[in-house]
Amino acid sequence: MKMAKPLFCLFLCVLVYFFPIKDSRVIANTNRQTFVSEHQLNELLSNHPSLQGAIAGVSVRSASSGELLYTYNGDTRLTPASNMKLFTAAAALTTLGKDYTFHTDLLTDGSIKWNVLAGNLYIKGKGDPTLLPENFDQFAKELKLKGIKMISGDLIGDDSWYDQVRYSIDVPWSDEAAYYGAATSALTASPDKEYDAGTIIIEVSPNEKMNKTAKVVVRPQTSIINIINKTQTVSSDVTSNIKISRGHGNNVITIEGNIPLKASNLKERIAVWEPTKYALDLLIQSLKKQDIKILGSIKVGTTPEHAELLLSHQSMSLSELLIPFMKLSNNGHGELLIKEMGKVFKGNGSWEDGLEVEQVALTTLGIRMQEIEIRDGSGISHMNLVPANEITALLYHAKQMDWFPTFEASLPIAGNTDKMIGGTLRKRMKNVALKDNVKAKTGTLTNVSSLSGFINANNGETFIFSILLNHLKDEASGKQIEEQIIKILANNEI
């Protein structure tokens, strides 16, 4: 059922009442202290060869006062890439709360008699992106403990918690098979604890003999995909050129190319078509392990209102989910959070309704929504547009919230090699001055690089910064420019 309009309006009023808008935008003026780095930053941004013909937006604020210390095209709307996740995380913490969890339910419209579930078994997904194969195994074990050895009816996967639109508006076909472009479904599964929902892991290794096809292992095992192996094991002096692709609108995965003898294993994550059927297949396998037979069909459908709850699985809390979401820049989590906000506060798990809820939440955090274009929750769209000054404003206002420690803990930390701490910054800024002193969200798209967060300068001052680089010929050069800017900020003296 959709949330009634008066109830949604009440939600908006409560947000504004408890989180009043405070505008901290103080344009650098004669009242502020001298920002020594200004000349160096202007020189770099005006003359760097990689920025000729490109657009750079940079914003720097005092973390203690919110004062805008430096801006370079700071009010110019630019594509933020995965820096958009900063907005999604802040909105989710504001609306859903750090303790929010997702549920997956097993229900039936029948009854258990003589070890038979006389009726249908429904698995109803409610957006949990962290369901692992072992969770389906646990479902099956618990059904067996209830005495069930046979299901006389159908096994039905219910993904109706969200709408049936699988991809955000600007995802191209070329990204649909990539792990970062996986389809969104209320009933989905992840292959491991990086929680890339709706994906499988394909591992390719050389055969022991020349001219034989390579060995292919799929994790988790699933019958919904069809592997076409066109590989060949070649001599050790040949370069590996393995390519893995999946057809549009199907689960036919083709692996082709050469892999040298004794070469290291190649591991790649591939998104599946229709993750609902993927989750269903994992449950079927788990039921087979427990010798629970299904007499009916396997299909996707809707759980009737009168169905009785048999089992329920609760996900990790939002505060825990933010770690893989932000540290590893997990696109799927961003889109699920948008749909979940829409479902919880407007009764409809769609991008349209979720983005409306997000915009209201961001307004309470002092963001000028008229200056921003938000198309998704992950930042995968090139049509997202945000000024750098709005990102630093968001980070300053987030710092005032009671959930900020959770938000801050989710940011990648420069030079920390632990994947779940350093995240996407674990291989960057390893020098002594920057290691562990930069907490920031990275962002990368074709021709786009971004970095926004917090830096502890050498003088003890903490700066909030946002760097948005667009129209680059090579986004890798953007990473080098970002680090040059960070070094200037680290050495600043006020």
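I take buried to mean under 20% relative accessible area, exposed over 50%, and partly exposed in between (1.4 Å probe, protein chains only).

**Entry 1: ground rules.** The model I am reading is predicted: local features need pLDDT of at least 70, side-chain atom pairs count only at pLDDT 80 or more, and totals for chains, interfaces and linings use all residues. Residues are numbered from 1 along each chain as its sequence is written, and side-chain values use heavy atoms, with hydrogens and water left out. Helices (H or I, at least four residues) and strands (E, at least two) are DSSP runs, numbered from the N terminus. By contact I mean heavy atoms within 4.5 Å.

**Entry 2: Thr-406.** I looked up Thr-406 and found it in helix H10, residues 404-409. Is Thr-406 buried or exposed? Thr-406 has a relative accessible area of 16%, so I noted it as buried. Not counting residues up to four places away in sequence, Thr-406 touches Leu-93, Lys-98, Ser-319 and Leu-322.

**Entry 3: Asn-416.** Asn-416 sits in the loop between H10 and helix H11 (419-422). Its relative accessibility is 18%, so Asn-416 counts as buried. Leaving aside neighbours within four places in sequence, I listed Ile-421, Gly-422, Arg-426 and Asp-436 as the contacts of Asn-416.

**Entry 4: the ends of H7.** Phi of Ser-329 is near 55°, a positive value in a residue other than glycine. Ser-329 has 16% relative accessibility, so it counts as buried. Which residue caps the N-terminal end of H7? Asn-330 does, with a side-chain oxygen 3.1 Å from the backbone nitrogen of Gly-332. After H7 comes Gly-347, whose phi is positive, near 75°.

Entry 5: The 16 residues of H7 should span 22 Å, and the end C-alpha atoms are 23 Å apart, which agrees. H7 is mostly covered, with 14 of its 16 residues buried. Phe-345 is in H7. At 11% relative accessibility, Phe-345 counts as buried. The C-alpha atoms of Phe-345 and Leu-96 are separated by 9.2 Å, although the two residues are 249 apart along the chain.

**Entry 6: H3 against H7.** For the packing I needed axes, which are lines fitted to C-alpha atoms, for helices over the stretch in contact; angles run from 0 to 180 degrees between N-to-C directions. Helix H3 (residues 84-95) and helix H7 (residues 331-346) pack at about 35°, with axes 10 Å apart. H3 passes H7 in a left-handed crossing. A crossing is left-handed if the near helix is turned anticlockwise from the far one by less than a right angle, and right-handed if clockwise. Which residues make the contact? From H3 I noted Lys-85, Thr-88, Ala-91, Ala-92 and Thr-95; from H7, Asn-331, Gly-334, Leu-337, Ile-338, Met-341 and Phe-345. An α-helix has 3.6 residues a turn, so residues three or four places apart point the same way.

**Entry 7: H8.** Helix H8 covers residues 351-364. Its 14 residues should span 20 Å, and its end C-alpha atoms are 20 Å apart, which agrees. How many residues of H8 are buried? I recorded 10 of the 14, so H8 is largely enclosed by the rest of the structure. Among the buried residues are Trp-351, Leu-355, Glu-358 and Leu-362. H8 is followed by Gly-366, whose phi is positive, near 85°.

**Entry 8: backbone in two loops.** I found a cis peptide bond from Arg-219 to Pro-220, with omega near -10°. Pro-220 lies in the loop between strand S11 (215-219) and strand S12 (226-234). Asn-73 is in the loop between strand S2 (68-72) and strand S3 (77-78). Phi of Asn-73 is near 55°, positive in a residue other than glycine.

**Entry 9: Tyr-70.** Tyr-70 lies in strand S2. Its relative accessible area is 2%, so Tyr-70 is buried. The C-alpha atoms of Tyr-70 and Asn-459, 389 residues apart along the chain, are separated by 17 Å. The side chain of Tyr-70 makes a polar contact with the side chain of Asn-42 (2.6 Å). A polar contact is a pair of N or O atoms within 3.5 Å; within protein, one must be able to donate a hydrogen and the other to accept it, and residues adjacent in sequence count only if both atoms are side-chain atoms.

Methods
The expected span of a helix is 1.5 Å times one less than its number of residues.
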